[in-house]
Amino acid sequence: EKQAEKKAQHDLQKFQLKQSIRRLRQTWWFEKFLWFISSENFLVIAGRDALQAEQIFCRHAGPQDVFVQADVAGARSCFVRNLGTGA
């Protein structure tokens, strides 16, 4: 009986630790897409499929952003976020 109480207490502590770790970091809006930061410090975003690419274009692409796509079958459409840094 005491062993079960100890195990329950241990499991509760593990759960509370996981919950506190989750609260430390807030996810960014672009993390559901394929993304990376370029060497020039631009955010490059690509959709995992055509629907996500359309979603990026309609919701997140701005007038200063750049659209890039290779002329190859199955190539991803990429968006380079330019936040008006003068580049």
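These are my notes from looking up a few residues and pairs in this structure.

I am working with a predicted model, where local features need pLDDT of at least 70, side-chain atom pairs count only at pLDDT 80 or more, and totals for chains, interfaces and linings use all residues. Residue numbers run from 1 along each chain as its sequence is written, and side-chain values use heavy atoms, with hydrogens and water left out.

**Salt bridges.** I counted 2 salt bridges in the structure; the term means a side-chain nitrogen of Lys or Arg within 4 Å of a carboxyl oxygen of Asp or Glu.

I took D11 and K7 to start with: their closest N and O atoms are 3.2 Å apart. Both sit in helix α1 (residues 2–24), 4 residues apart, about one turn of the helix. Helices here are DSSP runs of H or I with at least four residues, strands are runs of E with at least two, and both are numbered from the N terminus. Are these two buried or exposed? K7 is exposed, with a relative accessible area of 53%, while D11 is partly exposed at 36%. My cut-offs are under 20% relative accessible area for buried, over 50% for exposed, and partly exposed in between (1.4 Å probe, protein chains only).

Then I went to D65 and R81, where the closest N and O atoms are also 3.2 Å apart. This pair links distant parts of the chain, 16 residues apart: D65 is in the loop between α2 and β3, and R81 is in strand β4. I find both D65 and R81 buried.

**Q64.** I looked up Q64 too, which lies in the loop between α2 (50–60) and β3 (66–69). Q64 is partly exposed, with a relative accessible area of 47%. What does Q64 touch? Leaving out residues up to four places away in sequence, I get N82, L83 and G84, with contact meaning heavy atoms within 4.5 Å. From Q64 to V80 I have 9.1 Å, C-alpha to C-alpha, across 16 residues of sequence.

**S77.** Strand β4 (residues 77–81) holds S77. S77 counts as buried because its relative accessible area is 16%. Beyond four places in sequence, S77 touches I45, A46, G47, A53, F67, V68 and Q69.

**Core.** Which residues make up the largest nonpolar core? I list 6 in all: F30, F33, L43, I45, I56 and F79. Such a core is a set of buried Ala, Val, Leu, Ile, Met, Phe, Trp, Tyr and Cys residues joined through side-chain atoms within 4.5 Å. For I56 I noted contacts with F33, I45, A46, G47, A61 and F79, again skipping residues up to four places away in sequence.
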